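Visitor: I have a sequence and a structure to look through today. Could you walk me around it?

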Amino acid sequence: MPDVKLEPVLEDNNVDFRIPGAEETPPEYRMSRAIKTIEALWQEWMTGLPGQPAVSTLDTRWGSQWRAGRRSEVQWYSLRLEVIREIRRISKARRIAEISAMHAVAADHRQSSRSLDAFCKQLRASRKLREAGQRAPGRARK
């Protein structure tokens, strides 16, 4: 058997050894449909649910490949991404840690009394209005 050189790869603070040039396929991870809170969504995105990879790790390692070709997963991801964008927007605007911004968004969600899905759609609509306002110079802003 020929000698095979393994290269160390650091993933989620664990060292994994892989054969250079070996073809890999992305995992078929399905985001949880049971998540109802911002805190749980943040956990799935940043650290992963128990025994599952973090969505951010999948994005870093595979880009959009891990959800490609699965329309329902692409749509689910896209809508949940609105929460992550809002957390990062608030973190930057208020100059606070993302975890603090996550708690602020979670409080907004609870106060809204909307489902997580409806809240995501509301965030998307608000973002699109903000972006439209930024593109239209000379428009009066409220």
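Visitor: What order do the elements of the protein run in, from the N terminus on?
Guide: Keep in mind that this is a predicted model. The protein has five helices and two strands. Listed from the N terminus on, the elements run β-β-α-α-α-α-α.

Visitor: What percentage of the residues in the protein is buried?
Guide: Buried here means under 20% relative accessible area. Counted over the 142 residues in the protein, the buried share is 30%.

Visitor: Are helix 1 and helix 3 roughly parallel or roughly perpendicular to each other?
Guide: Two packed helices are described by the angle between their axes and the distance between the axes. For helix 1 (residues 38-46) and helix 3 (residues 71-94), the axes are 11 Å apart and the angle is about 100°. Angles of 65 to 115 degrees count as roughly perpendicular. The two helices are therefore roughly perpendicular.

Visitor: Which class do ten residues in the contact of helix 1 with helix 3 belong to?
Guide: Helix 1 brings Ile38, Leu41, Trp42, Trp45 and Met46 to this contact, and helix 3 brings Tyr77, Arg80, Leu81, Val83, Ile84, Ile87 and Arg88. By class, two of these residues are charged, none is polar, and ten are nonpolar.

Visitor: Helix 1 also meets helix 4; how many charged residues does that contact have?
Guide: The axes of helix 1 and helix 4 cross at roughly 145° and come within 9 Å. Ile38, Glu39, Trp42 and Met46 in helix 1 meet Glu98, Ile99, Met102, Val105, Ala106, His109 and Arg110 in helix 4. Sorted by class, the contact has seven nonpolar residues and one polar residue, and the number of charged residues is three.

Visitor: Which helices are among those that cover the buried residues of helix 4?
Guide: In helix 4, the buried residues are Ala101, Met102, Ala104, Val105, Ala106 and His109. What covers them includes helix 1, helix 3 and helix 5.

Visitor: How far apart are the end C-alpha atoms of helix 4?
Guide: Helix 4 has 15 residues, and at 1.5 Å a residue they should span 21 Å. The model agrees with that expectation, as the end C-alpha atoms of helix 4 are 21 Å apart.

Visitor: Within what arc do the buried residues of helix 2 fall?
Guide: Helix 2 (residues 55-62) has Val55, Leu58 and Trp62 as its buried residues. Seen down the axis, they line one face of helix 2, because they fall within an arc of 60°. An α-helix has 3.6 residues a turn, so residues three or four places apart point the same way. For helix 2, then, the arc is 60°.

Visitor: Which helices do the buried residues of helix 2 pack against?
Guide: Val55, Leu58 and Trp62 are the ones to look at. These buried residues pack against helix 1 and helix 3.

Visitor: Which exposed residues sit on the face of helix 5 turned away from its buried side?
Guide: The buried residues of helix 5 are Leu116, Phe119, Cys120, Leu123, Arg127 and Gly133. They cover an arc of only 150° around the axis, which puts them on the same side of helix 5. The face turned away from that side carries the exposed residues Leu129 and Arg135.

Visitor: Which residues does Leu79 contact beyond its neighbours within four places in sequence?
Guide: Leu79 lies in helix 3, and its relative accessible area of 9% makes it buried. Leaving aside neighbours within four places, Leu79 is in contact with Asp117, Cys120, Lys121 and Arg124.

Visitor: Is Arg95 buried or exposed?
Guide: Arg95 is in the loop between helix 3 and helix 4. Its phi is near 55°, a positive value in a residue other than glycine. With a relative accessible area of 79%, Arg95 is exposed.

Visitor: And what is the phi of Ser113?
Guide: Ser113 lies in the loop between helix 4 and helix 5, and at 66% relative accessibility it counts as exposed. Although Ser113 is not a glycine, its phi is positive, at about 60°.

Technical notes: Residues are numbered from 1 along each chain as its sequence is written. This is a predicted model: local features need pLDDT of at least 70, side-chain atom pairs count only at pLDDT 80 or more; totals for chains, interfaces and linings use all residues. Side-chain values use heavy atoms; hydrogens and water are left out. Axes are lines fitted to C-alpha atoms, for helices over the stretch in contact, and angles run from 0 to 180 degrees between N-to-C directions. Helices (H or I, at least four residues) and strands (E, at least two) are DSSP runs, numbered from the N terminus. Angles under 35 degrees count as roughly parallel, over 145 as roughly antiparallel, 65 to 115 as roughly perpendicular and the rest as oblique. Contact means heavy atoms within 4.5 Å. Ala, Val, Leu, Ile, Met, Phe, Trp, Tyr, Cys and Pro count as nonpolar, Asp, Glu, Lys and Arg as charged, and the others, Gly among them, as polar. Buried means under 20% relative accessible area, exposed over 50%, partly exposed in between (1.4 Å probe, protein chains only). The expected span of a helix is 1.5 Å times one less than its number of residues. The arc is that of the directions from the helix axis to the C-beta atoms.
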